[in-house]
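Hi everyone, thanks for making time this morning.

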Amino acid sequence: MEPEAAGQDVRTGPEEAERIELTVGAVAPGGHCVARHDGQVVFVRHALPGERVVAEVTEVHRGFLRADAVTVLQAAPQRVEPPCPYAGPGRCGGCDLQHVAPEAQREWKVAVVREQLSRLGGLTDAELDALDPQVAALPGGPLGWRSRVRYAVDAAGRAGLLKHRSHEVVPIDRCLIAHPAVQELPVLATGWPEAEAVETVASTGGDVTVTALAEGVATPVRGPGTVREVAAGRDWTIPASAFWQVHPAAADTLVTAVLELLAPRPGETAWDLYGGAGLFAAALADRVGPTGRVTLVEAAADGVRAARENLADLARVEVVPARVETALARRRITGPVDVVVLDPPRSGAGARVVRDLVAAGPRAVAYVACDPAAFARDVRTFATAGWRLAALRGFDLFPMTQHVELVGLLLPPAGEG
């Protein structure tokens, strides 16, 4: 009798915790490289292309495996010793690329961007070569940049960070990518028996806050409830828990890129979609001047409040509290519009928003993206309407991690817009 007929399991590949030897291939989204074992795809972390490694299987799925490189048999020249003792297989999952030299980290991200724009965006090699995607470093180096850190708390009340793809908390004594003012806080040496998480902020305006979270309730522990940020030539006052870029240089970097690509003109009409506290709206208002008009659309209540408070001196800015897709579909905002900043969440804008935006007829759209895959899908939707990705800039807003920020310039067909 065959094993299947007897109801026995038939082993068809490696199992969890089994170790296999791999030759590592190209980088992939999510901080992995792609390898193959007996014809099966393996997404392996803590490795570099070209390396020969022993990898421990962490997950078994139909059609692919996940694994961690636990022993490097043949190292790539870009490999370095991780600066943090908590980075590596089975440890903190916050940093994906500490084993990669900083310049090579940016090359890794360029490769991911190109692959996503090719596979999901439909761009040809010639189009990608013309765009020449690059990922630029920000000031300050690869450590000590993260101004907002959320620590998880385990059952024993110890603060730490989560393992990769896990709810397990890794207790740590220091996070090296955290801002120095965050590292100096006694959060990791303090017991948190009543908390589920602890949020810390070190703002560009010099405020430092600690907030304990439990059952959806935020309890201030240290510092003000609102913090001051400095960007785009203005002071911003926002709730400590509200969204703001986590790299101190990110806000000004993105504003500069958006303005250079869009080149707003005096008297123009501009939209800032998914506008948050109004960072881009303020910059646009300065460029379109007193004869221009800016409309900011934001759904989150704290973002709407922050935008109205921080932009109160700019009468030419209107804040519309709505979901972007609702505002466009129900004509809460209407054209004509000249330039648009599109800064959607990680999931992207989506086909519905892109189609409605194209119908409004702007002359240019600056798309700010934190996920290359979602960006590529939206680029493809723009392309179905004849639009093209005319310029692309990448920024290493999140060193030591696999994340990358993009700013793309999308233009309508010649003669339109």
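Let's begin with a question: in the hairpin of S1 and S2, which residue takes a positive phi? Keep that in mind for a moment while I say that what you see is a predicted model.

Now, the hairpin. Strand S1 covers residues 19–28 and strand S2 covers residues 32–37, and the two pair in the antiparallel sense over three bridges. Ala-28 stands opposite His-32 in S2. Three residues sit between the strands, and the answer to my question is Gly-30, with a positive phi near 95°.

Strand S11, residues 208–214, and strand S12, residues 217–222, run antiparallel and are joined by five bridges. Ala-214 has Val-217 as its bridge partner in S12. Two residues lie between S11 and S12, and in the turn Glu-215 has a positive phi of about 50°.

What is the order of the strands in the open sheet of eight? Reading across, the order is S6-S20-S21-S19-S18-S15-S16-S17, and the pairing is mixed. At the edges are strand S6 (135–136) and strand S17 (317–321), each of which pairs on one side only. Helix H6, residues 301–310, packs on this sheet and touches strand S16 (293–298) as well as S17. The direction of H6 makes about 165° with that of S17.

Within the sheet, S20 (residues 388–395) and S21 (residues 405–411) run antiparallel, with seven bridges joining them.

Val-341 is found in strand S18, residues 339–342. Is Val-341 buried or exposed? Its relative accessible area is 0%, so Val-341 counts as buried, the cut-off being under 20%. Leaving aside residues up to four places away in sequence, Val-341 touches several others, including Val-258, Leu-262, Trp-271, Phe-280, Leu-284 and Val-368. Take Phe-280 from that list: Val-341 and Phe-280 are 61 residues apart in sequence, yet 7.4 Å apart in space, C-alpha to C-alpha.

How many cavities of 30 Å³ or more does the count come to? The count comes to one, and the largest cavity has a volume of about 60 Å³. Its lining is made of 13 residues, and nearest the centre lie Thr-204, Glu-229, Trp-244, His-247 and Pro-248. By type, the lining divides into six nonpolar, four polar and three charged residues. Strand S13 (226–231) and helix H4 (250–262) each supply at least two residues of that lining. S13 gives the most, with three residues.

Conventions. Residues are numbered from 1 along each chain as its sequence is written. This is a predicted model: local features need pLDDT of at least 70, side-chain atom pairs count only at pLDDT 80 or more; totals for chains, interfaces and linings use all residues. Side-chain values use heavy atoms; hydrogens and water are left out. On a 1 Å grid over the protein atoms alone, a cavity is a set of points where a 1.4 Å probe fits but cannot get out, and a pocket is an open set with protein on both sides within 12 Å along at least five of seven lines; lining residues have an atom within 4 Å of a point. Grid points are joined across faces, edges and corners, and a volume is the space filled by probe spheres set on the points. Helices (H or I, at least four residues) and strands (E, at least two) are DSSP runs, numbered from the N terminus. Ala, Val, Leu, Ile, Met, Phe, Trp, Tyr, Cys and Pro count as nonpolar, Asp, Glu, Lys and Arg as charged, and the others, Gly among them, as polar. Two strands pair if DSSP finds at least two bridges between them. Contact means heavy atoms within 4.5 Å. Axes are lines fitted to C-alpha atoms, for helices over the stretch in contact, and angles run from 0 to 180 degrees between N-to-C directions. Buried means under 20% relative accessible area, exposed over 50%, partly exposed in between (1.4 Å probe, protein chains only).
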